[in-house]
Amino acid sequence: MNEAPEQSKKRQKTCLQVATNVTEQKHHVTRETRGRNLGLCRGFRGCTVWLTGLSGAGKTSIAFELEAYLVSRGIPAYGLDGDNIRTGLNKNLGFTPADREENIRRVGEVAKLFADSGVVAICSFVSPFADDREMARKIHKDAGLKFFEIFVDTPLSVCETRDVKGLYKKAREGVIKGFTGITQEYERPQHPELVVSTHDCTVRESTQQLVALLEHEGIIPRSLRDVDLLPELYPSEASEVEELRQEAKSLPALSISTVELQWVQVLSEGWAYPLRGFMREDEYLQTLHFNTLQSGLDVSYRENHSVPIVLSASEADKQRLEGEAAITLHHEGQAVAILRRPEFYFQRKEERVCRQFGTSNPNHPYSKQVYESGEYLVGGELSVIERIRWKDGLDQYRLTPNELRSRFKEMNADAIFAFQLRNPIHNGHALLMQDTKRQLLERGFKQPVLLLHPLGGWTKDDDVPLQVRMAQHQAVLDSGVLRREDTVLAIFPSPMMYAGPTEVQWHAKARMNAGANFYIVGRDPAGMPHPDKEAYPDGNLYDATHGARVLKMAQGLDSMEILPFRVAAYDKSASRMAFFEPERKEQFEFISGTKMRTLAKTGASPPDGFMEPQAWKILATYYQNIPQA
């Protein structure tokens, strides 16, 4: 019996799902991130990376890791996963030889379109038949596009131990027929562009092999290469320390301030990489006018660097030291570093502070230091005599970028999210950090680690001192509000400049150098009240939203995803900190810093649930003892 036209039309529009043993795989890269970074790296880089191997070999893990690596560096990429394709485009195909062939043919054609659009198509498919893989290669060859076959060579026994989907067990039991590696032969590639093993190395290590191949083939510019260890500007051997110390005695000296010593520490540990010393004039101009630095010889790529890191000198210093091959930097009579090939140049102070701070007001706390500094700046490469130590009981928290990277590796972190703060932690901050971890887990990361990274350099007089903040942060960890198992508490040695959207880029870039790939940014980061309270209607120097907005657009932060700060307030109906809901705003209270200080000074307690009690006790004790101090 013939079908009615309407029934026939309805049947033709319905595509049945044939394959049932498939699971949707979630990307690590959000659409927002992909759109924000698309095409930042100049040049056509379209190609297809085809990962083949047994189920459980690690193809999808490598594919999505590579996708995240490329997109974070401004190279458009998209992962075409076998399971995802079979739930959409190829949902009407099963696993017969003919259906497998058609599956690969369709994917090959789709990948070709992606590659032709300039996207790196990353295909992760078992693709057991050599003829099918060769067909996909030919599709690209005929279109003049590069095709890289990657054999993920993981032994069957290892794949079976990783059987998270339970497919091998079902195949062994006869529930699944024609399963590759059990009842269906896998034809090993004879001449792949790369063979990758995953059973004796991490996903990141395996992915780096693909990165090296794509670098060699010109898909990834070498300027975007990851640096495993950042160069440190102090020696590791005691004999070298003594050599530098002896050399320093023979050189003319320049005295530096404590803030300048903090910048020596920042430079020497690699936070400002690729800077290797105080800025010369060309570097200073690039930073002041573009917020970036040219990356080596590759003029098409620029490193983010938004704040001048400079050393001041007086007219007398210039007259005395100009022309010297090297000079010794002294702090409080102690030789700390040698500045090589010094370059003196005039410091136009008003231009500097206007561009850096958006105001020439001399009452801005860091601008005041600029105005009081020498008439000249002096740049040059640094040889730091030995690692800077402050001997204040907190040096164990001053981990270098290399030490942090090592710590993250020990913790098996696959996502590191950094939280910058110069204030005590209340439960609203903790809520934000907990929620960020939840989001990363939902995106497929297995071990997100929090870098809790308070600023440890100079701050203005009314900020809470570092010793008090560190004790308060430790109390928060001791209480379990934040988990020690997936949190690293460390000190960021930079001075605070209160430069708003300009400075927040520096805060993000430095954490990126330490290995962080996610950065939480809040309202008015690095901000402060305007020294002239009447200058703007809100009384603040910077717009509270500009920091986060600038970070999302900033050039040279391609390895880091910016996570916006959700506003938290005290929920009076639940007696706890919660994310603010405008529709019931009358039930929320915003506890300002001023109110918090008033409560602490008078010995009053904050509402239950605002701050961990022991952490509050530490803060209150500090404020109550300020008059005696």
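This report walks through the aromatic contacts, salt bridges and a charged surface patch of the structure above. The model is a predicted one, so please read each contact with that in mind.

**Aromatic pairs**

The structure holds 17 aromatic pairs. In one of them, the ring centres of Tyr 168 and Phe 179 lie 5.0 Å apart with their planes at 80°, so this pair is edge-to-face. Tyr 168 belongs to helix α8 and Phe 179 to the loop between α8 and β5, so the contact ties together parts 11 residues apart in sequence. Tyr 168 is buried, with a relative accessible area of 2%, and Phe 179 also counts as buried, at 8%.

Phe 346 and Tyr 376 form another edge-to-face pair, with 5.5 Å from centre to centre and 85° between the planes. Here two strands are joined: Phe 346 lies in β12 (residues 334-346) and Tyr 376 in β13 (residues 376-384), so the pair ties together parts that are 30 residues apart in sequence. Tyr 376 counts as buried at 14% relative accessibility, whereas Phe 346 is partly exposed at 43%. Elsewhere, Trp 263, Trp 271, Phe 492 and Trp 506 form one aromatic cluster.

**Salt bridges**

The structure holds 38 salt bridges. The table lists some of them, with the distance between nitrogen and oxygen.

| Pair | N to O distance |
|---|---|
| Arg 105 and Glu 102 | 2.7 Å |
| Arg 106 and Glu 102 | 2.8 Å |
| Lys 409 and Glu 205 | 4.0 Å |

Glu 102 takes part in a salt bridge with Arg 105 and in one with Arg 106. Arg 105 and Glu 102 are three residues apart in helix α5 (residues 97-116), a separation of about one helical turn. Arg 106 and Glu 102 sit four residues apart in helix α5, again about one turn. Glu 102 is partly exposed, with a relative accessible area of 22%, and Arg 105 is partly exposed at 33%.

Lys 409 lies in α16 (residues 401-410) and Glu 205 in α9 (residues 203-216), so the pair ties together parts 204 residues apart in sequence. Lys 409 is exposed, with a relative accessible area of 61%, while Glu 205 counts as partly exposed at 36%.

There is also a network of salt bridges that links Arg 133, Glu 134, Arg 137, Glu 149 and Glu 193.

**A negative patch**

On the surface, Glu 101, Asp 131, Glu 185 and Glu 187 gather in a patch of negative charge. Glu 187 is found in the loop between α8 (167-172) and β5 (194-196), and this residue is partly exposed at 31% relative accessible area.

Notes:
Residues numbered from 1 in each chain as written. Predicted model: local features only at pLDDT ≥ 70, side-chain atom pairs only at ≥ 80, totals over all residues. Heavy atoms only, no water. Patch = residues over 30% accessible without salt bridge, like charges linked within 9 Å, V, L, I, M, F, W, Y side chains within 5 Å. Areas by Shrake-Rupley, 256 points an atom, 1.4 Å probe, with all protein chains shown as cover. Salt bridge = Lys/Arg side-chain N within 4 Å of Asp/Glu carboxyl O. Lys, Arg positive; Asp, Glu negative; His and termini not counted. Charge placed at Lys NZ, Arg CZ, Asp CG, Glu CD. Buried < 20%, exposed > 50% of the residue type's maximum accessible area, 1.4 Å probe, protein only. Phe/Tyr/Trp six-rings, centres within 6.5 Å; stacked < 30°, edge-to-face > 60°.
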